[in-house]
Amino acid sequence: MAIEIRYSVLTPEAGVQRIAGASPMVMGALPPGMRGPAPGAGAPPLRRPAPASSFTFARRLDTLDGKTVYLVDTGFGGSYKFMQQVQKWFAKHMPSVKTIRKRKSGHVFMDDTTDLWEEIKTKGDAAVVGVAG
Amino acid sequence: MKDNLRLNKSPLPFIFTPHPVIGLPDEALYDYVEGEDPETGKIVIQEIVDALTRPVSETQLKVESPESVIAEAPALLKDTEDNLQRIFYAKGWTEGLPVILPTEERVNAMLAGTSHPADEVVGEAFQMDTRELVKYTVQNIAVIAVMAGARPEHFPVILAIAATRQTALMPSTTAFGAVLMVNGPIRNEIGMNCGIGAFSAINQANSVIGRAWLLMSHCWGYNRPLRTLWSSQGNNLTYNSMCCAENEERSVWAPFHVQKGFKAEESVVSIFRGWTLFNSPGTAANRTLGEELKIQMGAMPGSAATLIMDPLVARNLKENEGFKTKEDYCRWLSQNIKMPAGRFWGADHIDMLIASQAYQGIEPYASWKKLPDDALIAPFHDPGQISIIVVGGETSPLWKVADYRYTISAPIDTWRPNKADECADGTCGIPDPDDPEAYK
């Protein structure tokens, strides 16, 4: 015997609104009416970020010779060791490039601190940031 | 990540290596540096040098339109039960087990289980592969609740879970699990199990509520391998997320939701999430519970924990060991669970999630980072990050302990039907909470 399911009413697609081009959820405040752990306790719940403002790229370097390149370890699994190998490659093949390996100071999944970015602007010429998962 | 880049209107110079990066020896990672980017075929290190020295073109990344999730949706699905079951699974709406097909009659009956209108938005989910924000309504959750096998009286709990916006299926490459726990009067109104076999697959309310959360996660798109789901092994607990109720009547301590500021007469659903779960194989017959937990939690690097204990365990702790409240025992655990610093910092997830606090100078982590590997630290140092819930049927003083972190609590009562909507002849499907026979 056939069963009728009206797609627009009686499927898991029913009642769903899809909004294209949205921003991913990032960590932040709780939904209204909810309670959660104390602030600062572990990973905060998810929220949508504010819309990204426009930006321009820094001018590219003519050459890396003699320049200081920061190798930024985000803290994600494997980042530390991967950046070690990038540093090893530069030491072997482009020894005139000074590489500084540093761990990003904030949360692995958030752009929540600026100290390293300020240091790179002051003391560095370029940065390689990784890894993401 | 590749999907994010395709759909991202900002052409950042991203470079890919083969996956994973974690856990590989130095030689393999060096090969990654000198090897090919699997996305472009170009040499990774050359791409790095080029990204720093060549102009970044706005056409460097092809921006594609999001892939349509619904391709020409039919107006009507009309087929045999067997074929519809196959269609539902093929569309990614189920975990593969048979569902209760959401006919109009069943969905309408489910909608009577709440006072909220069918078109009210309950929450939203972000789909990482298509970058769509999916807003789901009461209607949508009613369909899913029917599929899970729920009845109208379960619907307020299921709506409260949906309102948390939490997913039962986490995207992480790791194997997250969760506990879904209900407090308050609704536990007994809808016949949830908080006693013998509370975590066993024997109770309809526990089963369908846990399943409804899983099916929501499927329907919201969290189930697509290598697009929204990357858990290398997965976690079998996601079938039901240990859905249970706290045994408030037999507990010697305050219910969990009261600890979180809700009133005892409010009904609340809470979620705890993490990776590692110990089932006590036996009782604390030859050692105290504290000594047993020193062994178990001492092998579980973490900063948060959830301890699920039988009422007998709680009673012994209070009456024989003097822990008057849950908070008292949490404080004891925070001070007495120790492990070597090297064991703590050597754990991959600790390095990733907590080491940054040490680097920022936040105590106690900053000091712990300077200790020798064999120095003992108290990793669960904050008693506020330890949760205790009392579940079980008092046939044996057993417990479970997990590195699960308390995540969120959502009120249920706001989703209840209006009393005026209940009918005298029972045809609405909503049992009368004042009738002691109604929920048997």
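A crossing of two helices is called right-handed if the near helix is turned clockwise from the far one by less than a right angle, and left-handed if the turn is anticlockwise. Keep that in mind as we walk through this model, which is predicted.

Helix α7(B) and helix α9 (residues 204-219) of chain B cross in the right-handed way. Two packed helices are described by the angle between their axes and the distance between the axes. Here the angle is about 40°, and the axes are 10 Å apart. Which residues do the touching? From α7(B) come B:Val157, B:Ile158, B:Ile161 and B:Ala162, and they meet B:Ile209, B:Ala212, B:Trp213 and B:Met216 of α9(B). Sort the residues of this contact by type and you get 8 nonpolar, no polar and no charged.

Now stay with α7 (residues 155-163) of chain B, as it lies across β4 (177-183), β6 and β13 of chain B, running at about 125° to β13(B). Those strands belong to an open sheet of 4 strands in chain B, in the order β5-β4-β6-β13, with mixed pairing. At the edges stand β5 (244-245) and β13 (405-411); each has a single partner strand, so one side of each is left without a neighbour in the sheet. Look at how β13(B) is held on: β6 (residues 268-274) of chain B pairs with β13(B) in the antiparallel sense, over 6 bridges. If you want to spot one pair, find B:Ser270, whose bridge partner in β13(B) is B:Ser409.

Which strands stand at the edges?

One pair to look for is A:Arg18 and its bridge partner B:Val134 in β3(B). While you're here, check the loop between β2 and β3 of chain B, where B:Arg131 sits. B:Arg131 has a phi near 55°, a positive value in a residue other than glycine.

Time to step back and look at how the two chains touch. How many residues of chain A are in contact with chain B? There are 62 of them, and they meet 78 residues of chain B. On the chain A side, the elements giving two or more residues are β1 (2-6), α1 (7-10), β2, α2 and β7 (126-130). The largest share, 6 residues, comes from α2(A). By type, the chain A side divides into 35 nonpolar, 17 polar and 10 charged residues.

Let's zoom in on α2(A). Helix α2 (residues 79-93) of chain A and helix α2 (residues 26-34) of chain B have axes that come within 9 Å and cross at roughly 60°. The two helices are therefore oblique to each other. This crossing is right-handed. On one side are A:Lys81, A:Phe82, A:Gln85, A:Val86, A:Lys88 and A:Trp89, and they meet B:Asp26, B:Leu29, B:Tyr30, B:Val33 and B:Glu34.

Finally, two spots in the backbone of chain B. The peptide bond from B:His19 to B:Pro20 is cis, with omega near 0°, and B:Pro20 is in the loop between α1 (2-7) and α2 of chain B. Further along, the bond from B:Glu363 to B:Pro364 is cis, with omega near 5°; look for B:Pro364 in the loop between α16 (355-359) and α17 (365-369) of chain B.

Notes
Residues are numbered from 1 along each chain as its sequence is written. Chains are lettered from A and ligands numbered from 1 in the order in which they are written. This is a predicted model: local features need pLDDT of at least 70, side-chain atom pairs count only at pLDDT 80 or more; totals for chains, interfaces and linings use all residues. Axes are lines fitted to C-alpha atoms, for helices over the stretch in contact, and angles run from 0 to 180 degrees between N-to-C directions. Angles under 35 degrees count as roughly parallel, over 145 as roughly antiparallel, 65 to 115 as roughly perpendicular and the rest as oblique. Two residues are in contact if their C-beta atoms, placed from the backbone, lie within 7 Å. Two strands pair if DSSP finds at least two bridges between them. Ala, Val, Leu, Ile, Met, Phe, Trp, Tyr, Cys and Pro count as nonpolar, Asp, Glu, Lys and Arg as charged, and the others, Gly among them, as polar.
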